[in-house]
Amino acid sequence: MTATPTDTVSSPTPTWTPRLWGVLTVLCVVLFLDGLDVSMVGVALPSIGSELGLSTTSLQWIVNGYVLGFGGLLLLGGRTADLLGRRRVFLVALAVFAVASLVGGLVDNGLLLIASRFVKGLAAAFTAPTAMSILTTTFKEGPSRNRALSIFAVFGASGYSSGLMLGGLLTSAGWRWTFLMPVPFAALTLIAAIFLIPHDRPADSGGHDVLGAATLVSGMLLAVYAVVSAPERGWTEPLTLGSFALAAVLLTMFFLVENHVPHPLVRLGLLRVGSIMRANFAIMALFGSYLSFQFMLTIFLQSVLGWSPLKMALGLLPSGIIVVFGAPFAGRLIDAFGTARMTIAALSSFSIGYLWFLFAGSDDPRYAVAILPSVILLGIGFAVGFTSIMAQATTGVADSEQGLASGLVQTSGQVGAAIVLALTTALIAIDADSAGGTDEAGFHQFYPGLVLVTGVALVGLMITVAPLLRRTTSRS
């Protein structure tokens with residue numbers, strides 16, 4: 001018997017068949033690998049830079065090469081799944097992800113490594129929104145979907161948060177293992193997906209928006225590329241300014257095209273839904289601040305304080321434990337308090353965590369005083385924030401647009417990560433140049449970057465809080 005999207009649960013307390021559990025497990029493993037890849041490789045950056053002779057600015061491309069492919073094609077990936085069939089797109093993209101992981105672990109050249117990361121990001125741009133749309137069309141909106149999303153988010157948030165720990169353990173044996181470890185898991189998941197993921201029909205057979213896809217993809221890729229390359233090239237260089245200008249033209253053309261084609265790639269009305277747009281801003285703040293903080297923390301602990309990858313993994317273990325054991329309760333909290341309040345709680349936890357490290361950090365910090373409180377607060381924020389934002393971004397959206405909605409929120413997250421990481425790297429590089437290199441620098445080198453990520457989290461918090469404040473004022 002083949003599971004279909006109609007195998008959903010209508011009762012308040014969902015009872016799922018073994019096949020539905022199997023589908024959810026496959027989707028969760030893929031999301032875990034996507035999140036794991038971003039954060040795990042970050043731990044290996046100092047080792048990669050030492051072996052391949054890459055500077056700190058060049059090392060950001062190992063992270064941003066993935067972000068470039070991921071963020072540039074996520075919207076197209078989600079909509080392609082809606083148009084061509086979720087199962088077909090999911091299987092092909094997962095196979096490419098596995099091959100790119102294998103290549104990344106075998107190459108000895110920095111450019112080839114970055115290229116493999118870009119291809120891997122392209123594959124993830126299709127697996128991530130497709131997995132999300134398969135889930136949201138398989139589980140009915142309400143308690144059933146919230147329960148599924150909370151389990152889904154356990155794996156996603158665990159991938160992002162535990163990547164630091166697993167990356168530390170694997171890097172101790174050699175940085176290549178951080179690239180090779182996902183290969184067998186992706187291959188086994190692909191085999192399971194072939195048997196478990198239900199066959200589906202394209203959601204829209206009326207036509208394809210080729211011009212919209214071309215302008216969107218080229219505009220997004222160019223915009224993300226301009227952001228991540230600006231710190232190294234210079235923000236006021238003609239090529240940088242020209243890239244931003246051309247990206248703006250292409251994206252403007254995209255919006256003009258979408259208003260006139262009969263079958264648009266993106267229904268612009270979706271962008272006018274306040275709750276959906278707030279979820280997109282919230283994920284930009286969450287991912288942008290978190291991945292940039294992780295980038296700084298990795299370099300600070302290993303290159304400045306001299307921690308081994310294993311010691312760093314053990315030091316960050318509490319965050320992963322909190323996410324693994326806390327995220328399963330997120331669905332119940334959403335049912336009780338709503339997505340907006342839980343997102344506010346998450347971004348508040350992030351903001352306090354960054355502020356704590358900003359003021360408690362030093363050239364010789366005490367772990368229990370300066371680092372552990374921030375690690376705990378970030379774990380709490382990720383445990384409840386990831387699920388809440390994903391649920392809010394897809395609530396009230398028709399099944400035919402679930403791929404688009406999930407692609408939109410994940411695009412926002414990756415673009416936010418690229419922008420904030422590029423700015424953070426630029427701030428670190430400015431201070432590193434004056435200090436004679438990261439190895440000779442101290443905590444002061446990372447202070448401007450910490451101020452930036454704290455500000456990003458606070459802006460996201462204010463955007464999320466604003467509607468609740470307006471409603472409270474109106475009632476008063």
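Ala327 is buried (under 20% relative accessible area, with a 1.4 Å probe and protein chains only), its relative accessible area being 0%. The model is a predicted one, in which local features need pLDDT of at least 70, side-chain atom pairs count only at pLDDT 80 or more, and totals for chains, interfaces and linings use all residues. Residues are numbered from 1 along each chain as its sequence is written, and side-chain values use heavy atoms, with hydrogens and water left out.

Me: Which residues does Ala327 touch, not counting residues up to four places away in sequence?
Reply: Ala327 lies in the loop between helix H13 (317–326) and H14, helices being DSSP runs of H or I with at least four residues, numbered from the N terminus. With contact taken as heavy atoms within 4.5 Å, the residues that Ala327 touches are Ser150, Val154, Ile322 and Ala383.

Me: Which residues are exposed on the face of H14 turned away from its buried side?
Reply: In H14 (residues 330–337), the buried residues are Ala330, Gly331 and Ile334. They cover an arc of only 105° around the axis, which puts them on the same side of H14; the arc is that of the directions from the helix axis to the C-beta atoms. On the face turned away, the exposed residues (over 50% relative accessible area) are Arg332 and Ala336.

Me: At what angle do H4 and H5 pack?
Reply: The axes of H4 (residues 86–106) and H5 (residues 110–138) are 8 Å apart. H4 and H5 are roughly antiparallel to each other, a term for angles over 145 degrees, and their packing angle is about 150°.

Notes:
Helix = DSSP H or I, 4+ residues; strand = E, 2+ residues; numbered from the N terminus. Axes fitted to C-alpha atoms, helices over the stretch in contact; angles between N-to-C directions. Parallel < 35°, antiparallel > 145°, perpendicular 65-115°, else oblique.
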